[in-house]
Amino acid sequence: MSWQLTPSLVGDLARGAAVLGTGGGGDPYIGALLARQALAAHGPVTVVGLDELPDDALVLTVAMMGAPTVMVEKLPSLDEVVAPVHALGASLGRPVTHIACAEAGGVNSTIPIAAAAALGLPLLDADGMGRAFPELQMVLPTLYGVTASPLAFADEKGNTAVLSTIDNTWTERIARVACVEMGCSVMLAGFAMSGATAREALVPASLSACLSIGRGIVDAREAKTDPVAAVVDALGGREVFEGKVVDVERGTTAGFARGNARIEGPGDTLTLSFQNEHLIARTTAGILVTTPDLIIVVDAESAEPITTEGLRYGQRVRVIAAPSDERWHAPEALAMVGPGYFGYDLPSHRFDGTIENSETAA
């Protein structure tokens, strides 16, 4: 069922997207500002479910590539957001009919709202991950043979380019170099696919999930109940740690925000390793959870999600582990987004503590 996305819904949606963003995806506040600006100027966006999508639709994903730490200071404009869509539509020689989110995380769940509003196009209630990942090829459509290229990208200076590559990994490598040269953040449009392919390859109802999670946090606060427990229940996950942030080591390298954070709790210390998104959560006793399942850090009292660039000494936080889309646990998916891909010599640890063998994963 389709629904209208208005400015009043953006705050809850952005909050929920920041939860699913697992620390990455960019600052939700910035994304919400951009979405509200576009909706105020161009009117509400119609959000449609995958079951309403015609087979012959032309769907494009719209996203930001770069380090979230940079985007805080390098705010995008609506012109920058729509430029790659115009460029890619011209390259494909067909009118774009629908916009989709590449990931359900932070700013990359709200930038497509701005693009859809400015272009007067419907937005899919779906995304390519069900969470956020740091690299462009790390979307479920890659597993379905959807190519990222031709990929269009644009920066705030007016530079626009359309890239054609041999596979999605090469698209990531070349686009990442261009992104660094263009100031460590650019807007993208790519992964052109038909409606029939989108129904198969995307994660359904992810924007509705973001909205529900964000509303649930606010409702729990107003009801004087535990909003962190509301998040855990909404995600079907578990709370794995509570404590105080005592150290954050973070730097922007090769277009990513990379680092580690230490959180001291009663009788133990949790270390989080991240590359834009949280990848590994471990205590002195061992690994608690790893990518591709979700590792989410929220304020201990309000459950406000905290991004990796927002982690600060002294924050009181709680850490949640939650399941990812089951397709991320297939062997070919773990090869793309599991701990081994990021250089960690360990198997995937599920949110519930199960250790996964990549060769037998479902």
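Is Ala205 buried, exposed or partly exposed? Ala205 is partly exposed, because its relative accessible area is 38%, where buried means under 20% relative accessible area, exposed over 50%, and partly exposed in between (1.4 Å probe, protein chains only).

Before I continue, a note on the basis of these values. This is a predicted model, in which local features need pLDDT of at least 70, side-chain atom pairs count only at pLDDT 80 or more, and totals for chains, interfaces and linings use all residues. Residues are numbered from 1 along each chain as its sequence is written, and side-chain values use heavy atoms, with hydrogens and water left out.

I begin with backbone geometry. Most residues other than glycine have a negative phi, and most peptide bonds are trans. Ala205 has a positive phi, near 60 degrees, and is found in the loop between strand E9 (203–204) and helix H9 (206–222). Helices (H or I, at least four residues) and strands (E, at least two) are DSSP runs, numbered from the N terminus. Phe191 also has a positive phi, near 50 degrees. Phe191 belongs to strand E8 (residues 185–194) and counts as buried because its relative accessibility is 5%.

Cis peptide bonds come next. One joins Ser149 and Pro150, with omega about 5 degrees; Pro150 is in the loop between helix H6 (140–143) and strand E6 (151–154). Another joins Thr291 and Pro292, with omega about 15 degrees, and Pro292 sits in the loop between strand E14 (286–290) and strand E15 (294–299).

I turn now to strand E5 (residues 123–127). Five of its five residues are buried, so E5 is largely enclosed by the rest of the structure. Two strands pair if DSSP finds at least two bridges between them. E5 pairs in the parallel sense with strand E2 (residues 45–48) over two bridges, and Val48 stands opposite Leu124. Strand E4 (residues 98–101) likewise pairs with E5 in the parallel sense over two bridges, with Cys101 opposite Asp127.

Finally, consider Arg350, in the loop between strand E17 (348–349) and strand E18 (355–356). Arg350 counts as buried because its relative accessibility is 11%. Its side chain makes a polar contact with the side chain of His329 at 3.4 Å; such a contact is a pair of N or O atoms within 3.5 Å, where within protein one must be able to donate a hydrogen and the other to accept it, and residues adjacent in sequence count only if both atoms are side-chain atoms. Leaving aside neighbours within four places in sequence, the residues in contact (heavy atoms within 4.5 Å) with Arg350 include Leu288, Asp293, Glu326 and Glu356.
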